[in-house]
Amino acid sequence: MTQYLLSIDQGTTSSRAILFDLKGNIHAARQQEFPQHFPESGWVEHDPDDIWSSVKHTCNDLMSEECGEDDKVVAVGITNQRETTIVWDRKTGKPVYNAIVWQDRRTASYCKSLKSASHEPGVHSKTGLLIDPYFSATKIRWILDNVPGTRERAERGELAFGTVDCFLLWHLTGGREHKTDATNASRTLLFNIHAQQWDPELLELFDIPESLLPEVMDSADDFGEIADGGALNGVPVLGVAGDQQAALFGQTCFDVGMAKSTYGTGCFLMLNTGGKALKSEHRLLTTVAYRLNGKPTYAMEGSIFVAGATIQWLRDGLQLIQNACDTEPLAEGTPVDHGVYLVPAFTGLGAPYWDPNARGAIFGLTRDTGIKEIVTAGLQSVCYQTKDLQKAMEKDGMRPINLRVDGGMVANNWVLQFLADVLGARVDRPSIVETTALGVAYLAGLKAGVYESLDELASLWRCDRSFEPVMTKKKRDALYEGWIKAVHKL
């Protein structure tokens, strides 16, 4: 009998199901994209039924075609796009409104009013977060205040809130389990990361009934058994983590000072700070990296809203390329100092700027500018934004000098070499780049007893290729100075 761990990786643009063997190797995977909805400028929504159906489809397809009668799935892990907010009926499971996606900026004015009333220092001290539309609390409040009858139903205890992991778990277990893990809870603006519990004062501030909230579990814990998953029925869900924390875990960044950066729709640089929740003075976030046996490990995080989405825009919006892989040869044939800067603030700017009203722009265009310069500028924008985060961490006394990277963009060797150059740091790409899914497979395996320790998991990490900086400091600084000037022009 071959044993596997199954990861449900529910992302911003697609859902995936991946079977890992017990050594962390991918046996098989399935993926399905789903529609994005943009009802107004700065608004981003998903239909929760699309999310759930895409997860069911990928899991059923994977199990029917890749898992034989002699194979066994030991446990399931769930990782998810964080902060995305869903409120649904506890009896029917029917959402009261579309999922409001983490990128959505509709609550910007409400957030501004809270900051003007000097609430941010208190919120930051409890949650490690800043008051921003990015996080779940203001999205929940918007749903309660703008969907007729919803607040009254919530007050009567008829409704449930969850991030996507929680919504999927509820459906997978046939409505039996309303649970989340500490990493996802820590992204809501409602969870005290020091006390490790929902905070009554924050619930009062955002006017959210406590009855809406799920039970908060460890990241490796007993989340219940699957009851609506076809061939997976009866299999326990033993691992849950938000996508960026799952990637940190999959990259086995278990020691203080280890860092990873994920390049998916957005970009997220996360640095392990151990048992101390360090407070950033430069507008980075303090968050729960993972929680095991009731003990939280913390991280410092910089969040960039648009990374791989820039390449999607170049492909689908401007139609400058047909496929993402077309970007590498274009960039290879372009000087790095071509003078064009693309600032992809399509839904505002994240860390360290936190400007929800910023919008994208391209600077430095001349008659000589063509497709290859604009595409290269798009790739470089991801690296410059990572440099922004590195600089902020450095000012907080925690500069990452070695970065483990993952996500769809890291297949591009040109990007990783430019990233190493602009950071002045070594960049390591692992042999298995699906580290988000791998992370929750590892968490589920820990709870199942497949793995005995974090040291055992760390021994499984393998490097595919390292990228060392070769650019001079003078050139690096000049390029980055151009980026800073472009951002300040927005």
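Student: What volume does the largest cavity have?
Tutor: On a 1 Å grid over the protein atoms alone, a cavity is a set of points where a 1.4 Å probe fits but cannot get out. Points are joined across faces, edges and corners, and a volume is the space filled by probe spheres set on the points. For the largest cavity, that gives about 60 Å³.

Student: What kind of model is this?
Tutor: Residues are numbered from 1 along each chain as its sequence is written, and side-chain values use heavy atoms, with hydrogens and water left out. Local features need pLDDT of at least 70, side-chain atom pairs count only at pLDDT 80 or more, and totals for chains, interfaces and linings use all residues, since the model is predicted.

Student: How many cavities of 30 Å³ or more are there?
Tutor: The largest cavity is about 60 Å³. With the cut-off at 30 Å³ or more, the count is 3.

Student: Which residues lie nearest the centre of the largest pocket?
Tutor: A pocket is an open set with protein on both sides within 12 Å along at least five of seven lines. The largest pocket has a volume of about 1100 Å³. Of its 46 lining residues, those nearest the centre are Tyr263, Gly264, Thr265, Gly407 and Gly408.

Student: Which element gives the largest share of that pocket's lining?
Tutor: Helices (H or I, at least four residues) and strands (E, at least two) are DSSP runs, numbered from the N terminus. By class, the lining of the largest pocket has 13 nonpolar, 22 polar and 11 charged residues. The largest share is 6 residues, and the element is H10.

Student: Which residues are closest to the centre of the second largest pocket?
Tutor: The second largest pocket has a volume of about 410 Å³. Its lining divides into 7 nonpolar, 8 polar and 2 charged residues. Of the 17 lining residues, the closest to the centre are Phe38, Gln103, Ala309, Gln312 and Phe346.

Student: Which residues of the UniProt "binding site" feature with Gln244 line the largest pocket?
Tutor: UniProt, in an unreviewed entry, places this feature at Arg82, Glu83, Tyr134, Asp243 and Gln244. UniProt positions follow the numbering used here, feature names are shortened, and annotations may be inferred rather than shown by experiment. The lining takes in Arg82, Glu83, Tyr134, Asp243 and Gln244.

Student: Is Glu83 buried or exposed?
Tutor: Glu83 lies in the loop between strand E5 (71-80) and E6. Contact means heavy atoms within 4.5 Å; beyond four places in sequence, the contacts of Glu83 include Trp102, Tyr134, Lys139 and Arg187. Buried means under 20% relative accessible area, exposed over 50%, partly exposed in between (1.4 Å probe, protein chains only). Glu83 has a relative accessible area of 2%, so Glu83 is buried.

Student: Which residue makes a polar contact of 3.4 Å with the side chain of Tyr134?
Tutor: Tyr134 lies in the loop between helix H3 (120-127) and H4, and at 0% relative accessibility Tyr134 is buried. A polar contact is a pair of N or O atoms within 3.5 Å; within protein, one must be able to donate a hydrogen and the other to accept it, and residues adjacent in sequence count only if both atoms are side-chain atoms. At 3.4 Å, the side-chain partner is Arg82.

Student: What is the relative accessible area of Asp243?
Tutor: Asp243 lies in helix H9 (residues 243-250). Not counting residues up to four places away, Asp243 touches Thr79, Asn80, Gln81, Arg82 and Thr436. Asp243 is buried, at 15%.

Student: Why is helix H4 largely enclosed?
Tutor: Cover for its buried residues includes strand E6 (86-89), helix H2 (108-116) and helix H8 (200-206). Among the buried residues are Lys139, Ile140, Trp142 and Ile143. H4 is largely enclosed by the rest of the structure because the buried count is 8 of the 11 residues.

Student: Which residue just after H13 takes a positive phi?
Tutor: H13 (residues 413-423) has 9 of its 11 residues buried, so the helix is largely enclosed by the rest of the structure. At its start, a side-chain oxygen of Asn412 reaches to within 3.0 Å of the backbone nitrogen of Trp414. Just after H13, a positive phi of about 65° is taken by Gly424.

Methods. 1 Å grid on protein atoms, 1.4 Å probe; cavity = no way out; pocket = protein on both sides within 12 Å on 5 of 7 lines; lining within 4 Å. Nonpolar A, V, L, I, M, F, W, Y, C, P; charged D, E, K, R; others polar.
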